[in-house]
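Subject: Structure handover

Hi,

Here is the structure I promised to pass on. Have a look at it first, and then read my notes below.

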Amino acid sequence: MSAGTQTAAPRPRSLRAARPRAGFAAALLHRLSGIALALFLPMHFIALGTALQGADRLESFLGLTHNGFVRAAEWGLVSALALHMVLGLRVLALEWFVTRERTALVVSACVAAGLAVGLLFLLGGA
Amino acid sequence: MSVSVPVPAPADPTVEAVPGATLRVRIRRDGGFQAFTVARRPAQTILDVVTEIQREQDPTLAYRFACRVGMCGSCAMTVNGRPRWTCRTRVAAVAEDDGLTLEPLRNLPVVKDLAVGMEPFFEKWTAAHGAFEPGDAPPADFAAVAPDSPARRAVDAGIECINCGVCYAACDVVAWNPDYLGPAALNRAWTLVNDVRDRGQAARLEAVSGDAGCQSCHTHMSCTEHCPKALAPTFAIAGLKRATARSALKRLSARHFRRSA
């Protein structure tokens, strides 16, 4: 058999993280959806606050939201809320009920559930 | 007279190697990868491959092993990106396109080539109060522990850990926060939290809570999915989260009670 030969330059990245990565993906999605919701909350309160200044003020503010960009953002927000909830329920189930799971399957189901709620929101024509 | 000749069973692909086949092995050392070629052999393990390279091709290759049968936990390495016991991993089960990539365990300082220093691992084991604490005046009599009590079952679930470091290498939180105690130390602490004879519970719960303790676990499940002994450190850490929360609530209510009394 051949003796060892030094190969070309090493790969730049450090040691790869361990596979499989479904649990990591779940934690990442949970964190990102949580941040999205936290960023949305102040805007939500600002919108509600306009109601204190009268119905007209609120209506004019809501009028600003009747465009495609805000609609798309709303869909993303509803999906993020649903995703955050189901991923949170997964963590609670794991930690309180000590249930062994097939991580990739459960995380995929959580993502599917989040997107399904988003789809229902779109189909509902809200 | 006819003699019945046993028909050979079809070869088990995880045991039998194709005669003449070779394996390309890349080993991370000295900041790069070194390539070797090794003959495939029946029932060949990763540890067999590393040993063959060291004995027949490059005697300067450093690695660590002892028992070769999955008892000591000293031969763990990163094989094709996953931390594993190399003595209990067959080449046929993990080789990708007749190739293997071997690296030292993640999250631990490399001593040389595939051997890592385990000092940080065991320092954290000690920091998590991983040693049994009998107290100043141990009781004279035996503690009666029912085998089917919840506490004893919780101990049974984690007591078989042999500290191989696979979970520690698999853990993303250790990679992000080098102070994080890690799954093995927290699993050990959980077995002692469930030990009725132990007298150091308050200090132990204090040691495993906080930024470097159980509350930092993100439930990625990497430790549980990689543990070669099929233990579940994630659930031990979840148990510690419950225990530390309960203890904090007790302390809070005791303080409130003292103030209002």
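Which are the buried residues of α1(A)? They are A22(A), G23(A), A26(A), H30(A) and S33(A), where buried means that 20 or more other C-beta atoms lie within 10 Å of the residue's own, exposed means 12 or fewer, and partly exposed is anything in between, with C-beta atoms placed from the backbone.

Before the rest, some bookkeeping. This is a predicted model, in which local features need pLDDT of at least 70 and side-chain atom pairs count only at pLDDT 80 or more, while totals for chains, interfaces and linings use all residues. Residues are numbered from 1 along each chain as its sequence is written, and chains are lettered from A and ligands numbered from 1 in the order in which they are written.

Chain A

Chain A has 4 helices and 1 strand, in the order β-α-α-α-α along the sequence. Helices (H or I, at least four residues) and strands (E, at least two) are DSSP runs, numbered from the N terminus. Of its 126 residues, 17% count as buried. Take the contacts in chain A between residues at least 6 apart in sequence: 82% of them join residues at least 24 apart. A contact here means that two C-beta atoms, placed from the backbone, lie within 7 Å.

Back to α1(A), which runs over residues 22–50. Its 29 residues reach 42 Å from first C-alpha to last, close to the 42 Å expected at 1.5 Å a residue; the expected span is 1.5 Å times one less than the number of residues. There is a kink of about 25° at L41(A), shortly before the proline P42(A). That bend is the angle between axes fitted to the seven residues ending there and the seven starting there. The cover over the buried residues of α1(A) includes α3 (68–97) and α4 (103–123) of chain A, together with α9 (222–226) of chain B.

Now α4(A): its end C-alpha atoms are 30 Å apart, which agrees with the 30 Å that its 21 residues should span. The buried residues of α4(A) are T103(A), V106(A), V107(A), C110(A), G114(A) and G118(A). They cover an arc of only 120° around the axis, so they sit on the same side of α4(A); the arc is that of the directions from the helix axis to the C-beta atoms. The face turned away from that buried side carries the exposed residues L105(A), A112(A), L120(A) and L123(A). Covering the buried residues of α4(A) are, among others, α1 and α3 of chain A and α9 of chain B.

Chain B

The domain assignment gives domain 1 (22–116) and domain 2 (119–136 + 143–260), with bounds from an automatic or database assignment. Their centres, taken over C-alpha atoms, are 31 Å apart. In all, 14 residues of domain 1 are in contact with 15 residues of domain 2. On the domain 1 side, β3 (76–79) and β4 (82–85) each supply at least two residues, and β4(B) gives the largest share, 4 residues.

Most residues other than glycine have a negative phi. R68(B), however, has a positive phi of about 70°, and D98(B) has one near 55°. R68(B) is in the loop between α1 (46–56) and β3 of chain B, and D98(B) is in the loop between α2 (91–94) and β5 (99–103) of chain B. R68(B) is partly exposed, because 16 other C-beta atoms lie within 10 Å; D98(B) also counts as partly exposed, with 14 C-beta neighbours inside 10 Å.

Cheers
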